[in-house]
Amino acid sequence: MKLICVSDEHEIGLETARLIASVVRLKPEAVLGLATGSSPIGAYAELARMCAEENLDFSDVRTVNLDEYVGLDGSHPQSYRYFMHKYLFDKVNIDPKNTYVPDGFAEDPDEECDLYDELLESLGYADLQLLGIGVNGHIGFNEPADFFIPETHVVKIAESTIDANQRFFDTRDEVPRYAITIGIKGILCAERIVLIASGRKKAEALKAACFGPVTPKMPASILQVHPNVTVIADDEAFSLVPFFGHDEEAY
Ligand code: F6R
């Protein structure tokens with residue numbers, strides 16, 4: 001793993017966008033694996049700026065998102081499809097036909113999972129997979145569990161994730177209880193993975209993900225087995241990591 005410590009969320013956005021842009025410039029038809037949530041918003045804003053001002057061209061890029069809430073269709077303001085249009089797709093010259101997000105409103109969510117895996121395989125998986133990390137160490141909606149699930153699947157969202165995501169909804173009851181998520185295979189098959197995190201609330205998970213045992217109880221720890229992972233985080237998120245923080249005693 002390559003660890004990059006930057007000063008704040010803004011720098012995370014700039015650094016992440018630079019990496020994504022370099023993939024797109026080298027391979028204009030790249031497949032980008034994308035995430036939602038607060039973490040990637042700065043990177044998406046910077047990519048939109050690069051598209052407008054620096055000729056970064058998304059016309060042949062394909063994107064595959066990690067996950068979607070079950071029960072929300074793409075026009076719902078809290079759906080991940082809606083999020084992606086708001087923060088990226090509507091701000092760059094990407095062809096909407098080349099953007100894929102699991103359909104949370106599919107009549108048969110299990111069938112939708114199978115179709116999504118077929119899609120990932122047909123695209124050859126992501127050239128770059130962008131990930132955030134949950135406070136409980138989830139990646140995508142691969143929540144802490146007794147075993148890793150390789151395939152795209154329907155998952156019951158962990159209570160701690162419902163708490164964390166409540167901020168996007170009016171009430172806790174409105175947060176969907178199930179999601180469709182790419183599984184661990186879909187993530188690990190990416191050529192390159194970029195994990196981003198900011199703030200003290202991510203520090204425990206980030207330390208465990210990078211230096212703890214590889215276990216499905218801490219899903220992000222599986223990234224340790226991938227040969228090309230870059231973690232970009234701020235001082236606070238890295239505060240428990242010995243090189244950057246103050247927790248030398250732990251190692
Ligand atoms: C979102 C996703 C999640 C988030 C994670 C962190 O598509 O897959 O794993 O990346 O919950 O969310 P934020 O960035 O809001 O802290």
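Q: What makes the contact between glutamate 204 and arginine 200 a salt bridge?
A: The two side chains meet at 3.2 Å, N to O. The term asks for a side-chain nitrogen of Lys or Arg within 4 Å of a carboxyl oxygen of Asp or Glu, so glutamate 204 and arginine 200 qualify at 3.2 Å. Bear in mind that this is a predicted model, where local features need pLDDT of at least 70, side-chain atom pairs count only at pLDDT 80 or more, and totals for chains, interfaces and linings use all residues. Side-chain values use heavy atoms, with hydrogens and water left out, and residues are numbered from 1 along each chain as its sequence is written.

Q: How do you know whether glutamate 204 and arginine 200 are buried, partly exposed or exposed?
A: Buried is under 20% relative accessible area, exposed is over 50%, and partly exposed is in between (1.4 Å probe, protein chains only). Glutamate 204 has 45% and arginine 200 has 40%, so both count as partly exposed.

Q: Why can we say that the pair of aspartate 146 and lysine 217 ties parts together?
A: Their side chains meet in a salt bridge at 2.6 Å, N to O. Aspartate 146 sits in the loop between β6 (128–131) and β7 (153–156), and lysine 217 in the loop between α7 (203–211) and β10, so the pair ties together parts that are 71 residues apart in sequence. Element names here are DSSP runs numbered from the N terminus, with helices being H or I of at least four residues and strands E of at least two.

Q: Why is aspartate 146 called exposed?
A: Aspartate 146 has 61% relative accessibility, which is over 50%, so the label is exposed.

Q: What about alanine 52: buried or exposed?
A: Alanine 52 is exposed, with a relative accessible area of 66%. This residue is part of helix α2 (residues 41–53). Alanine 52 and asparagine 93 are 41 residues apart in sequence and 9.0 Å apart in space, C-alpha to C-alpha.

Q: What is noted about the phi of asparagine 55?
A: Phi is near 55 degrees there, a positive value in a residue other than glycine. Asparagine 55 lies in the loop between α2 and β3 (62–65) and is exposed at 65%.

Q: And tyrosine 125, buried or exposed?
A: Tyrosine 125 has a relative accessible area of 14%, which is under 20%, so buried is the word. Its phi is also positive, about 65 degrees, although tyrosine 125 is not a glycine. Look for tyrosine 125 in the loop between α4 (109–123) and β6.

Q: What makes Phe211, Phe243 and Phe244 a nonpolar patch?
A: Patch members need over 30% relative accessible area and no salt bridge; like charges are joined within 9 Å, and nonpolar side chains (Val, Leu, Ile, Met, Phe, Trp, Tyr) within 5 Å. Phenylalanine 244 has 31%, so that residue clears the 30% limit and counts as partly exposed. Together the three have about 300 Å² of accessible area, by the Shrake-Rupley method with a 1.4 Å probe and only the protein chains shown as cover. Phenylalanine 244 is in the segment after β10 (229–234).

Q: How do you know which residues line the largest pocket?
A: Lining residues have an atom within 4 Å of a pocket point; on a 1 Å grid over the protein atoms alone, a pocket is an open set of points where a 1.4 Å probe fits, with protein on both sides within 12 Å along at least five of seven lines. That gives 27 residues, of which Gly37, Ile133, His138, Asn165 and Lys202 lie nearest the centre. The elements giving two or more are β4 (67–69) and α5 (159–165), and α5 gives the most, with 4 residues. The space is about 500 Å³.

Terms used. Points joined across faces, edges and corners; volume = space filled by probe spheres on them.
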